[in-house]
Amino acid sequence: MPGIVVVGTQWGDEAKGKVTDFLAENADCVVRFNGGANAGHTVIVDGKVYKLRLVPSGVLHHKRLYIGNGVVVDPEILIQELNSLKKEGFKPDLRISDRAHVVFGFHKVIDGLQERFKGNLRAGTTMMGIGPVYSDKAARFGVRVADLLDRDVLEWKLNLLVDLAQRLIRDVYGGDQVLDKKQILQQALGFGESISGYICDVSAEVNEALDRGETVLFEGAQGTLLDLDHGLYPYGSSSSTVAGGACTGAGVGPTRIDEVLGVVKAYTSRVGAGPVPTELTDAVGERIRSVGHEFGTATGRPRRCGWLDLVPVKYSVRISGVSKLVVTKLDVLSGINPLKICVGYEADGRRLDSVPASLSLFAKCKPVYEEMEGWPEKVNWQRAVKEGYSGLPRQARAYLERIEDHVGLPITVISVGPERKDTIIINK
Ligand code: IMP
């Protein structure tokens, strides 16, 4: 006790990195369970910005860190990230699951070619090879981290995998990249050597930690609407971004999870393609993007911004069994008056209260808004941090209470600025 899962309830980028870092102070270890270097978790401490892609956000608190089997590991990016953290004076106490799958350069090539091939169905991926590596995993062609330490198995698997990748690139997608099997093998063996000290059976260690009564934080990447099963397929990612993903992606049973925190950004943002019912293409959307620094951490792409949409949030609460909410980036909405919150959709003359599976129906969904009074541009957020909830402007409290009412869950943490310290705890 306890296992706590942190998940995004929207389209990702809900500031889960900041939330996980904040919570990690009182945790023993932090476990990543899904996604890969497509994630970009930003943590800001005393003005210094740390951008994490694969290393769990507990690293800045010097906690024990795990990369679970559900993550896809790009060894080149991981090694770069570890080196830069070491340069900053951190000694990441990291373990990587021997069962996690490995991303190769050719996965990124195929990612780009597949996006071109998909036309209107392209998701606007991060080009990190995520879809192709999870495809190989599901088709049982994949290379796992443990294989990097076993030359025979690695050579045998890469023989097949590189042949397959080369045919896909050349014969299916018409690409001209030529893969060099020997070089890929040598590089993979080198990666294995570099990370061998970190490899272990993560499921065994995390379960032992829970047995000892340690606090284990499971750090989700992306958000519910990007989930492979429950997201806006095919405009999502290829992993399990919901709370259940923590079980399969870290090798723990559902009975080990005590709390699921659903992170809700105070407005909507989306990076990539597909319908976003509350998207604002006007000056308000532009203002939210610039005040909220809504540019992709992994890719730098401008994010599409809009009013808070509680339909996906409520849907996420159901899918993940969220027990408490965390609201982030409340400060970004300062000075916008009135504010709008979407509480349902209308399409084909009927009301919808949940996210439909049908793409064409979702594309037709028009938001049903409630208008809320905004709070002033200048707010003394530090006073609110000191005084707690009652120190927030009256209008901001009403906004938060409307979220609680509609979703039916309490808010436990509120983030009112990018720094770790800009955080209000409501209910410990
Ligand atoms: P992929 O995960 O790179 O395959 O991208 C699939 C979709 O998920 C694209 O629309 C991406 O923009 C989106 N995506 C992937 N990772 C993140 C993330 O960490 N935050 C927000 N969007 C993401």
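A: Start with the residue classes: Ala, Val, Leu, Ile, Met, Phe, Trp, Tyr, Cys and Pro count as nonpolar, Asp, Glu, Lys and Arg as charged, and the others, Gly among them, as polar. On that basis, the shell around the ligand holds six nonpolar, eight polar and three charged residues. The model is predicted: local features need pLDDT of at least 70, side-chain atom pairs count only at pLDDT 80 or more, and totals for chains, interfaces and linings use all residues. Numbering runs from 1 along each chain as its sequence is written, and side-chain values use heavy atoms, with hydrogens and water left out.

The shell has 17 residues, and Asn38, Ala123, Thr126, Ser237 and Val271 come nearest to the ligand. A residue is near a molecule if one of its heavy atoms lies within 4 Å of it. Two domains contribute: domain 1 (3–87 + 202–425) and domain 2 (101–197) each supply at least three shell residues. Their bounds come from an automatic or database domain assignment.

Now the polar atoms. A ligand oxygen is 2.8 Å from an N or O atom in the side chain of Asn38. A ligand nitrogen is 3.0 Å from an N or O atom in the side chain of Asp13. Gly124 takes part through its backbone: one of its polar atoms there is 3.2 Å from an oxygen of the ligand. The protein covers 96% of the 470 Å² of accessible area that the ligand has on its own. That area comes from the Shrake-Rupley method with a 1.4 Å probe.

Next, helix H2. Helices (H or I, at least four residues) and strands (E, at least two) are DSSP runs, numbered from the N terminus. H2 covers residues 75–87, and its end C-alpha atoms are 18 Å apart. Gly89 follows H2 and has a positive phi, near 100°.

Thr268 sits in strand E12 (residues 268–270). Thr268 is buried, at 1% relative accessible area. Its side chain reaches the backbone nitrogen of Asp309 at 3.4 Å. This is a polar contact, a pair of N or O atoms within 3.5 Å; within protein, one must be able to donate a hydrogen and the other to accept it, and residues adjacent in sequence count only if both atoms are side-chain atoms.

Turn to the backbone. Most residues other than glycine have a negative phi, and most peptide bonds are trans. His293 is not a glycine, yet its phi is positive, about 50°. His293 is in the loop between helix H9 (283–291) and strand E13 (304–306), and is exposed at 61%. Lys329 also has a positive phi, about 60°. Lys329 is in the loop between E15 and E16, but counts as buried at 19%.

Two cis peptide bonds remain. One joins Tyr233 and Pro234, with omega about 5°. Pro234 is in the loop between strand E10 (216–223) and helix H8 (244–250). Another joins Asn337 and Pro338, with omega about 0°. Pro338 is in the loop between strand E15 (324–328) and strand E16 (339–347).

Methods. The expected span of a helix is 1.5 Å times one less than its number of residues. Buried means under 20% relative accessible area, exposed over 50%, partly exposed in between (1.4 Å probe, protein chains only).
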